[in-house]
Amino acid sequence: MQKSSRMHCPIWRFFEELPDRGKNCGPQLSILVRRIKSVQSHFTGLFSQLRLRDLLLPNRIAVSPMCQYSAVDGFVNDWHFVHLGTRAVGGAGLVLTEATAVAPEGRISPGDLGIWSDSHVAGLKRAVDFMHAQGAATGIQLGHAGRKASTSPPWEPARLIPVSEGGWDNILAPSPVSFSEHHATPKALTLDDIQGLKEAFVTATQRAVEAGFDTVEIHGAHGYLFHQFLSPLSNQREDEYGGSFENRVRFLLEVVRAVRTELPSSHPLIVRISATDWLEFDKQHHPDAHGWTVQQSLRLAPLLQREGVDLIDVSTGGNVAKPTIPVGAGYQTSFAASIREQAAIATGSVGMISAPEQADQIIRSGQADLVLLARELLRDPYWPMRAAQQLRHDISWPAQYVRAAGGHKPPRQPFLPADPKQP
Ligand SMILES: Cc1cc2nc3c(=O)[nH]c(=O)nc-3n(C[C@H](O)[C@H](O)[C@H](O)COP(=O)(O)O)c2cc1C
C-alpha cells in the first residue's frame with residue numbers, strides 16, 4: 001500500500017501518530033505504544049520481510065556490492081569469505097557480492113572477483129553456504145567493466161594497469177571513446193563480441209545458481225559496460241546497438257532476457273542502473289549534452305520489468321569523469337521513488353543512507369522496497385543489529401553473540417533458500 005493511500009485509513013493513521021499520542025503519558029502506556037510500534041514495524045518498516053518471487057528476505061537491508069580488489073585470477077579467498085561473512089553475521093537480509101566479472105577482460109581491476117570459469121564456483125559456494133548459515137540471503141552482482149577495465153585499486157594513484165603488471169589490453173566497449181586520461185581507448189565490440197558477451201552472462205548465471213546464490217544482480221550502472229551502451233556519451237555506434245533509445249537499451253534488454261531464461265523462476269533478477277549521468281542537472285557546464293537521463297531511466301524501467309526483472313537498484317553517475325553531483329544524505333532516493341511510482345516496479349535505494357531512521361523512513365514512506373548500504377556497512381558490519389536496537393525492533397542475533405545483546409534476543413536461524421524451480 002502506498003503511503004498516501006495508507007494515510008486515508010483511520011486505523012493506520014492512528015498507529016502512524018502513536019509516538020505523539022504516547023507522549024506525556026505514564027510509563028505503562030508508553031511501553032504499550034512501543035510494543036504496538038514494534039508490531040507495526042514488523043509489517044511495514046526496515047525490518048519487515050520482502051518477498052521477491054520465492055525469495056523471502058528477512059529484512060529490507062542489503063549490503064551494496066563493493067569491490068574488494070583482493071582476488072587473484074578472480075578467485076574468492078579468505079578476505080572475501082570474512083568480508084561477506086561478517087556482513088551476514090551483522091544481520092543484513094541480503095548480501096550482494098562485489099561486481100563479479102563474467103570475462104577476465106571485464107574486471108575493473110586485476111583484483112576483482114570473477115566467474116568466467118567453472119573453477120570459480122567452489123569458493124563462491126563456500127561463502128554462500130556460510131552466509132546462509134548466518135541467516136542472510138545472497139546475491140551475486142554480475143558485471144563487465146567495458147572501457148573502465150584494467151585499472152588500479154582506489155588506494156593507489158588512478159592509472160591504467162599495463163599488461164606487464166597483470167593488466168590486459170583487450171579493453172572493449174561500444175565505441176572507441178576513452179573514459180578519462182587514466183583509462184584506455186577501448187576497441188569497439190563487434191556483433192560477434194556482443195553475442196559472445198551475452199553467452200558469458202548466461203554461463204555466469206548457471207554458475208551463480210550452482211554456487212547457491214538466491215538472486216543475480218546485473219550491473220548496469222556506474223559507467224560500466226551496460227551503462228556505456230545506454231548513454232549516448234559513450235555509445236556512438238551506428239548499428240542496431242547505437243543511436244536511438246531503442247538501440248542503446250537493446251544490449252541490456254537482450255542480456256536480461258537471456259539471463260532470465262536461465263535463472264530458475266524461483267529466483268528474482270535485479271538490475272542496477274544509474275538513473276542519470278547528471279549532465280541534465282548541470283546546464284552551466286554542459287549546456288548541450290544530456291547523456292543518460294532520468295527520463296530515459298523511466299522509459300527503461302517498464303521494459304526491464306516486462307523482461308522479468310523483479311527489482312531495480314537505483315544508483316546514479318559513473319559515466320562522466322568529472323561530474324557535478326549534489327551529494328548528500330539520500331541524494332539518490334528520489335530517483336528510486338519516481339521509478340517505483342511511475343513504472344510500478346520494486347526498487348532499491350542506495351547512496352548516503354546511514355541513519356536507521358532515514359533507512360526506515362525510505363521503506364515506510366514507500367520510496368523504495370529495499371535499502372542498500374555500502375560504506376556505512378564497512379564502518380559497521382553490525383549496523384542492522386544497531387539499527388534494530390535504535391528503532392526498538394527485536395531481531396535475532398547470532399546464537400554465539402546473544403549474551404552481549406541485552407534483553408532477550410532470539411538466536412539467528414539459517415536462511416532457507418528457495419528450491420530452484422526450472423525457468
Ligand atoms: C569500496 C567500494 C566498492 C564498490 N564497488 C562496487 C561494485 O562492485 N559494484 C557496484 O555496483 N557499486 C560499487 N560501489 C558503490 C556502492 O555499491 C554504492 O552504490 C555507493 O558506495 C553509494 O552507497 P554508500 O553511500 O552507502 O556508500 C562500491 C563502493 C565502495 C565504497
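Trainee: Which residues are the closest to the ligand, and how many surround it?
Mentor: The ligand is surrounded by 20 residues, and the closest are Ser64, Pro65, Ala99, Ala374 and Arg375, where a residue counts as near if its C-beta atom, placed from the backbone, lies within 6 Å. Two elements, strand E4 (94-101) and helix H13 (375-379), each give two or more residues to this shell. This is a predicted model, in which local features need pLDDT of at least 70 and side-chain atom pairs count only at pLDDT 80 or more, while totals for chains, interfaces and linings use all residues. Residues are numbered from 1 along each chain as its sequence is written.
Trainee: What is the mean pLDDT of the protein chain?
Mentor: On the scale of pLDDT, the predictor's confidence in each residue from 0 to 100, the chain has a mean of 92, and 90% of its residues reach 70 or more. Over residues 19-23, however, the pLDDT is below 50.
Trainee: Why are helices H10 and H11 called oblique to each other?
Mentor: The axes of H10 (residues 294-306) and H11 (residues 333-343) come within 10 Å and cross at roughly 50°. Angles under 35 degrees count as roughly parallel, over 145 as roughly antiparallel, 65 to 115 as roughly perpendicular and the rest as oblique, and H10 and H11 are therefore oblique.
Trainee: Which residues of H10 and H11 meet?
Mentor: Among them are Val294 and Leu298 in H10, and Phe335 and Ile339 in H11.

Conventions: Contact = placed C-beta atoms within 7 Å. Helix = DSSP H or I, 4+ residues; strand = E, 2+ residues; numbered from the N terminus. Axes fitted to C-alpha atoms, helices over the stretch in contact; angles between N-to-C directions.
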